[in-house]
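Dear colleague,

Here is the structure I said I would pass on. My notes on it follow below.

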Amino acid sequence: MSTSIIWYLREFLRMEWLRTFLFAKTAPLVTPPYFKDYPLPTGNECTACYNCMMICPAPGAIEVLRHTDHWKPMIHRGHCIRCGLCVEACPEDVLWSGRVLDAKRNDATDLRSWYRLTVDDTLCMRCGNCAVSCPVNKQADPSLASTGTASSDEVIMKIEGGRVRVIHEEKCTGCKTCENNCPNKAIRVARMVEGIQERGA
Amino acid sequence: MSILQKIKNTVRSRSIHVAYVDVGSCNGCDIEVLACLAPRYDIEQYGIYVHNNPREADVLLVIGSMTPQWVDKLQDIWEKIPEPKVAIAIGNCPISGCVFNRWHSYIEPPVAKYIPIAAQVPGCPPRPTEILNAILALAPTLFNDYEEKKQK
């Protein structure tokens with residue numbers, strides 16, 4: 001009994017023990033190098049394709065701005081959620097953040113996007129404004145006018161049998177001219193994105 | 001500087017009382033504030049204590065994207081805090097509304113419209129170290145020679 005008390009007293013009167021007990025501090029915290037922080041420029045040239053702006057889930061977080069002789073993406077703090085999608089979506093690797101670029105290279109992953117056109121038949125009044133206003137339609141069939149009917153099958157969408165028929169969705173460039181010209185907001189352009197991985201990687 | 005003021009400065013540098021208020025967040029930032037209390041970050045070793053009573057607080061952490069129901073209540077909370085007081089916006093939401101700032105969402109950011117915000121910690125969510133650094137950087141400017149500054 002008495003020996004154990006002495007043992008305890010000796011143990012707790014050690015300077016080392018007292019110092020660590022009274023001045024306890026956790027180790028200074030360093031941000032690990034793999035932390036996915038706000039994206040920083042790598043120095044590669046931005047081509048202003050806006051893939052980063054289109055994929056960004058946070059409103060107002062990234063803007064591609066024109067400087068005197070070059071384009072540059074700008075990240076707004078207070079808006080950016082550090083998801084790293086802009087880094088992943090950029091085809092030129094203009095930005096870097098944590099291990100996003102390394103992972104993209106090692107796993108041979110990429111993002112593929114296309115546009116999906118949906119027409120709500122209960123709202124559509126078959127005016128043909130979408131088919132007439134579409135700039136791609138104008139290239140494919142210059143004679144397409146007024147009612148939206150077309151003889152060519154090369155157009156994105158046309159009026160056929162009293163309703164809008166979407167023929168070549170893959171030609172859509174996502175300009176949303178049809179959406180802006182639709183009086184009933186019946187046509188919707190949605191950008192679809194899919195993560196892909198090359199086989200064998 | 002009087003000796004009394006010096007004593008007050010020393011004592012206050014290790015006694016920062018924090019209250020936090022969630023004005024409509026997704027709980028992500030709340031969890032990061034909670035992580036500050038955990039042994040890994042351990043804010044009490046810096047003399048920062050978390051209360052949820054504004055009358056005991058010096059620092060108010062505002063978390064969340066400001067739903068309309070909070071507009072008058074947040075001002076009430078701010079007025080209950082005794083001087084010297086300071087408010088810190090934690091996360092993107094009180095600064096900009098973050099991902100909730102879209103059409104048809106019932107939020108009214110920024111929080112700086114309703115109460116004076118002294119510091120903003122961006123991030124969705126911010127790291128606990130960033131929250132800690134903001135509190136520790138702001139506390140000396142708030143407390144040091146408070147009485148002497150007030151008399152001037």
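A salt bridge here means a side-chain nitrogen of Lys or Arg within 4 Å of a carboxyl oxygen of Asp or Glu. By that rule there is one salt bridge across the interface of chain B and chain A. The partners are B:E130 and A:R82, whose side chains come to 3.4 Å, N to O. Please keep in mind that this is a predicted model.

Polar contacts between chain B and chain A amount to seven residue pairs, with both residues at pLDDT 80 or more. On the side of chain B that touches chain A, α4 (93-96) and α5 (128-143) of chain B each supply at least two residues. Sorted by class, that side of chain B holds nine nonpolar, six polar and six charged residues.

As for the extent of the interface, 21 residues of chain B and 18 residues of chain A take part in the contact. The size of an interface is often given as the accessible area lost when the parts come together. For chain B and chain A the buried area is about 1400 Å², and carbon and sulfur atoms give 51% of it. Within chain B, the residues that lose the most area to chain A are B:Q45, B:P122 and B:R127, which together make up 32% of what that side buries.

Turning to chain A by itself, the domain assignment gives domain 1 (40-107) and domain 2 (115-193). The centres of domain 1 of chain A and domain 2 of chain A, taken over C-alpha atoms, are 32 Å apart.

Best regards

Technical notes. Residues are numbered from 1 along each chain as its sequence is written. Chains are lettered from A and ligands numbered from 1 in the order in which they are written. This is a predicted model: local features need pLDDT of at least 70, side-chain atom pairs count only at pLDDT 80 or more; totals for chains, interfaces and linings use all residues. Side-chain values use heavy atoms; hydrogens and water are left out. Domain bounds come from an automatic or database domain assignment. Contact means heavy atoms within 4.5 Å. Buried area is the accessible area (1.4 Å probe) that two parts lose on being put together, summed over both. A polar contact is a pair of N or O atoms within 3.5 Å; within protein, one must be able to donate a hydrogen and the other to accept it, and residues adjacent in sequence count only if both atoms are side-chain atoms. Helices (H or I, at least four residues) and strands (E, at least two) are DSSP runs, numbered from the N terminus. Ala, Val, Leu, Ile, Met, Phe, Trp, Tyr, Cys and Pro count as nonpolar, Asp, Glu, Lys and Arg as charged, and the others, Gly among them, as polar.
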